[in-house]
Amino acid sequence: LEALPASPVREHFDLIQQLTDADDVATLVKQITPIKTEDKWLSRAAGTLAAGSPTAMQLIVRQLKATRQMSLAEVFRSELNLSVQAACKGEFAEGIRALLIDKDREPKWHSADVAAVETEWLDSFFEPLWAEGQHPLNDL
């Protein structure tokens with residue numbers, strides 16, 4: 001067997017724990033994005049977070065909390081619903097436009113920062129798209 005490469009997550013575990021110890025998403029982002037380091041992995045992660053969709057960051061944290069006690073099948077169903085909602089609401093398309101189509105790298109996100117993301121907007125991503133028993137992954 002070949003040895004697996006070193007894990008950057010394992011290597012930076014203590015720092016990651018420290019940076020992600022926050023009561024809300026806005027604080028979490030404020031703790032991670034200003035990192036200045038020679039470590040390319042950490043710098044890239046902080047830069048990606050700073051440039052990414054504020055809605056996406058809120059959704060990721062909320063989805064992780066919501067699915068913590070779910071079965072794998074329930075998580076897959078939840079992820080599919082969230083992914084389709086994200087595609088329908090334009091946030092994903094805006095990221096693609098800014099990065100790959102117009103290549104201006106200036107996405108016009110729904111919200112300017114994570115603190116400005118409205119609860120109602122986030123809630124809308126979790127509204128079921130399929131009636132009870134009609135989810136495409138219902139048979140998992």
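**Close-up 1. Trp-121 in helix α8.** Trp-121 belongs to helix α8, which covers residues 119–125. In this predicted model, Trp-121 has a relative accessibility of 15% and counts as buried, because buried means under 20% relative accessible area. Once residues up to four places away in sequence are set aside, Trp-121 touches Thr-55, Lys-89 and His-110.

**Close-up 2. The largest nonpolar core.** Which residues make up the largest nonpolar core? There are 12 of them: Leu-19, Val-25, Ala-26, Leu-28, Val-29, Ile-32, Ile-35, Ala-46, Leu-49, Met-57, Val-61 and Val-114. Three helices, α3 (25–32), α4 (40–51) and α5 (54–66), each contribute at least two residues to this core. Helix α3 gives the largest share, with 5 residues. Apart from this core lies another one, of 7 residues, and Trp-121 from the previous view is among them, as are Leu-82, Val-117 and Leu-122.

**Close-up 3. Leu-19 and its partners.** Leu-19 is one of the residues of the largest nonpolar core. Not counting residues up to four places away in sequence, Leu-19 touches Leu-28, Gln-31, Ile-32 and Ile-35. Leu-28, Ile-32 and Ile-35 are also listed in that core.

**Close-up 4. Helix α3 crossing helix α5.** How do α3 and α5 meet, and at what angle do their axes cross? The two axes come within 10 Å and cross at roughly 115 degrees. That angle makes α3 roughly perpendicular to α5, and the crossing is right-handed. From α3, the contact is made by Val-25, Leu-28 and Val-29, and from α5 by Met-57, Gln-58 and Val-61. By residue type, the contact of α3 with α5 divides into 5 nonpolar, 1 polar and no charged.

Close-up 5. Is Asn-81 buried or exposed? With a relative accessible area of 9%, Asn-81 is buried, because that value falls under 20%. Asn-81 sits in helix α6, residues 72–89. Leaving aside neighbours within four places in sequence, Asn-81 is in contact with Phe-125, Phe-126, Glu-127, Pro-128, Leu-129, Trp-130 and His-135.

**Close-up 6. Phe-126 after helix α8.** Phe-126 is found in the segment after α8. At 25% relative accessibility Phe-126 counts as partly exposed. Beyond residues up to four places away in sequence, Phe-126 touches Leu-59, Arg-62, Gln-63, Asn-81 and Leu-82, so this view can be set beside the previous one, where Asn-81 is buried. Another handy pair to check is Phe-126 and Ala-86, which are 40 residues apart in sequence and 9.7 Å apart in space, C-alpha to C-alpha.

Overview. The chain has 8 helices and 0 strands. Its C-alpha trace spans about 50 × 45 × 35 Å along the principal axes. Of the 140 residues in the chain, 29% are buried. Among contacts with a separation of 6 or more, residues 24 or more positions apart account for 61%.

Definitions and conventions
Residues numbered from 1 in each chain as written. Predicted model: local features only at pLDDT ≥ 70, side-chain atom pairs only at ≥ 80, totals over all residues. Heavy atoms only, no water. Core = buried A, V, L, I, M, F, W, Y, C linked by side-chain atoms within 4.5 Å. Buried < 20%, exposed > 50% of the residue type's maximum accessible area, 1.4 Å probe, protein only. Helix = DSSP H or I, 4+ residues; strand = E, 2+ residues; numbered from the N terminus. Contact = heavy atoms within 4.5 Å. Axes fitted to C-alpha atoms, helices over the stretch in contact; angles between N-to-C directions. Parallel < 35°, antiparallel > 145°, perpendicular 65-115°, else oblique. Left-handed = near helix turned anticlockwise from the far one by under 90°. Nonpolar A, V, L, I, M, F, W, Y, C, P; charged D, E, K, R; others polar.
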